[in-house]
Amino acid sequence: MRFTRRLFVAGALAAPFVTGRAAIASEDTQGPVRNNISAFRTHEWRDHFDALGVGIIISDTTAKVLQHWTSDGQMYLYPSSVPLSDELTRRGYTEVVEKRVNPSWAPTPSMRERNPEWPAFVPGGDPTNPLGTRALYLSWQYYRIHGTHDTRKIGRRSSNGCIGLYNEHIEEVFDRTPVGTQVKLI
């Protein structure tokens, strides 16, 4: 058999299937752990809450990830957008107080000051609506966990205070989240 570049690439791609191990990383690697830019740590809900109740959402604004636990203890993980700056970021405990399908949007007074060119109102279902297809309203005024039509925002500091998810992800979370779900932003 003649050794070619095509054969080399095919062998490298097949290695994880033949050996049952990843070709690049292995479980017995010695030395320091190296994290790439997408690395993050997950949280245990028990470190933040006394009881699971009807469910828990923890949004880690540093890792840009949202963890959702249902009342039966199932945990789901989603990439998220987070506020642009620490000044716009509220941290602490809150809860889901309302849920809306195709929510309408109006900028807060402080948003209007910073961006007077923004529209005063965008109806629900409009493709320019920054709340996307679903929104979970928190007990803090103006704070939401919502979808977005602008998928470039996910995984970045890009919001004016809210936590954003891909529309398909907020629809999953929305369907599993009852009013009263405990929320913590860290």
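Does Trp 140 count as buried or exposed, and at what relative accessibility? At 8% relative accessibility, Trp 140 counts as buried, where buried means under 20% relative accessible area, exposed means over 50% and partly exposed is in between, with a 1.4 Å probe and protein chains only.

A word on the ground rules. The model is predicted, so local features need pLDDT of at least 70 and side-chain atom pairs count only at pLDDT 80 or more, while totals for chains, interfaces and linings use all residues. Residues are numbered from 1 along each chain as its sequence is written, and side-chain values use heavy atoms, with hydrogens and water left out.Now for the rings. A pair of aromatic rings is described by the distance of the centres and the angle of the planes. Rings of Phe, Tyr and Trp (its six-membered ring) pair if their centres lie within 6.5 Å, and planes under 30 degrees apart count as stacked, over 60 as edge-to-face and the rest as tilted. By this rule there are three aromatic pairs. One of them joins Phe 49 and Tyr 93, edge-to-face because the centres are 5.3 Å apart and the planes stand at 90 degrees. Phe 49 lies in the loop between α1 (5-19) and β1 (55-60) and Tyr 93 in strand β5 (residues 92-101), so the pair ties together parts 44 residues apart in sequence. Helices (H or I, at least four residues) and strands (E, at least two) are DSSP runs, numbered from the N terminus. Phe 49 is buried at 8% relative accessibility, whereas Tyr 93 is partly exposed at 46%. Trp 140 pairs edge-to-face with Tyr 143, at 5.6 Å centre to centre and 80 degrees between the planes. Tyr 143 is buried too, with a relative accessible area of 16%.
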